[in-house]
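Student: I have a structure open and would like to go through it with you. Could we start with the aromatic residues?
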Amino acid sequence: QWLAVIPFIGLLIGPVVHNRLHPFILGMPFPLGWIAVWIVLTAGIMAVVYALDPANRDGGDRP
């Protein structure tokens, strides 16, 4: 799924583009806060990818 590429791009590009100590996100400097937020978002995106995967749908017997 191409949806799994979004966290990779977010984690790779964000800290490089916005490498500043201010503003703070959740009390952390921006690059560290950006990474922490993307880790949580990655879990949500991977849950969506898992739900959309045809191999994980109910009714299918696995060998």
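Student: Where do Trp34 and Trp38 lie, and how many residues apart are they?
Tutor: In this predicted model, Trp34 and Trp38 are both part of helix α2. They are four residues apart, which is about one turn of the helix.

Student: And Phe30, how is it placed relative to Trp34?
Tutor: Phe30 and Trp34 are four residues apart in helix α2, so about one helical turn separates them.

Student: How many aromatic pairs are there?
Tutor: The count comes to two aromatic pairs. In one of them, Phe30 and Trp34, the ring centres are 5.6 Å apart and the planes are at 35°; the pair is therefore tilted.

Student: Why is that called tilted?
Tutor: Planes under 30 degrees apart would count as stacked and those over 60 as edge-to-face, so the rest are tilted. The planes of Phe30 and Trp34 are at 35°.

Student: Is Trp34 buried or exposed, or in between?
Tutor: Trp34 has 25% relative accessibility and counts as partly exposed. The ring of Trp34 also pairs with that of Trp38: the centres are 6.3 Å apart and the planes at 50°, so this pair is tilted too.

Student: What about the accessibility of Phe30 and Trp38?
Tutor: Phe30 counts as buried, at 12% relative accessibility. Trp38 counts as buried as well, at 13%. The cut-off for buried is under 20%. Ring pairs join Phe30, Trp34 and Trp38 into a cluster.

Student: Changing topic: which residues does UniProt list as "transmembrane region"?
Tutor: The UniProt record, an unreviewed entry, gives residues 35-52 for that feature. In the model this span is 100% helix and 0% strand, and its end C-alpha atoms lie 25 Å apart.

Student: Take Val48, then. Where is it found, and how far is it from Gly27?
Tutor: Val48 is found in helix α2. Its relative accessible area is 39%, so Val48 is partly exposed. Val48 and Gly27 are 21 residues apart in sequence, and their C-alpha atoms are 29 Å apart in space.

Student: And Tyr50, buried or exposed?
Tutor: Tyr50 is exposed, because its relative accessible area is 53% and the cut-off for exposed is over 50%. Tyr50 lies in helix α2, which covers residues 30-52.

Student: How far is Tyr50 from Gln1?
Tutor: Their C-alpha atoms are separated by 9.6 Å, although Tyr50 and Gln1 are 49 residues apart along the chain.

Student: What about the other helix residues, say Ile13?
Tutor: Ile13 lies in helix α1, residues 5-17. At 44% relative accessibility, Ile13 counts as partly exposed.

Student: Which nonpolar surface patch is Ile13 part of?
Tutor: Ile13 belongs to a patch of about 880 Å².

Student: Stepping back, what pattern does the protein follow along the sequence?
Tutor: The pattern is α-β-β-α, with two helices and two strands in the protein. The radius of gyration is 16 Å, well over the 11 Å that the globule rule gives for 63 residues, so the protein is more spread out than a compact globule.

Student: What are the spans along the principal axes, and what percentage of residues count as buried?
Tutor: The C-alpha trace spans about 50 × 20 × 15 Å. Of the 63 residues, 17% count as buried.

Note on methods:
Residues numbered from 1 in each chain as written. Predicted model: local features only at pLDDT ≥ 70, side-chain atom pairs only at ≥ 80, totals over all residues. Heavy atoms only, no water. Buried < 20%, exposed > 50% of the residue type's maximum accessible area, 1.4 Å probe, protein only. Phe/Tyr/Trp six-rings, centres within 6.5 Å; stacked < 30°, edge-to-face > 60°. UniProt positions renumbered as here; feature names shortened; annotations may be inferred. Patch = residues over 30% accessible without salt bridge, like charges linked within 9 Å, V, L, I, M, F, W, Y side chains within 5 Å. Areas by Shrake-Rupley, 256 points an atom, 1.4 Å probe, with all protein chains shown as cover. Salt bridge = Lys/Arg side-chain N within 4 Å of Asp/Glu carboxyl O. Rg over C-alpha atoms; globule rule 2.2 N^0.38 Å.
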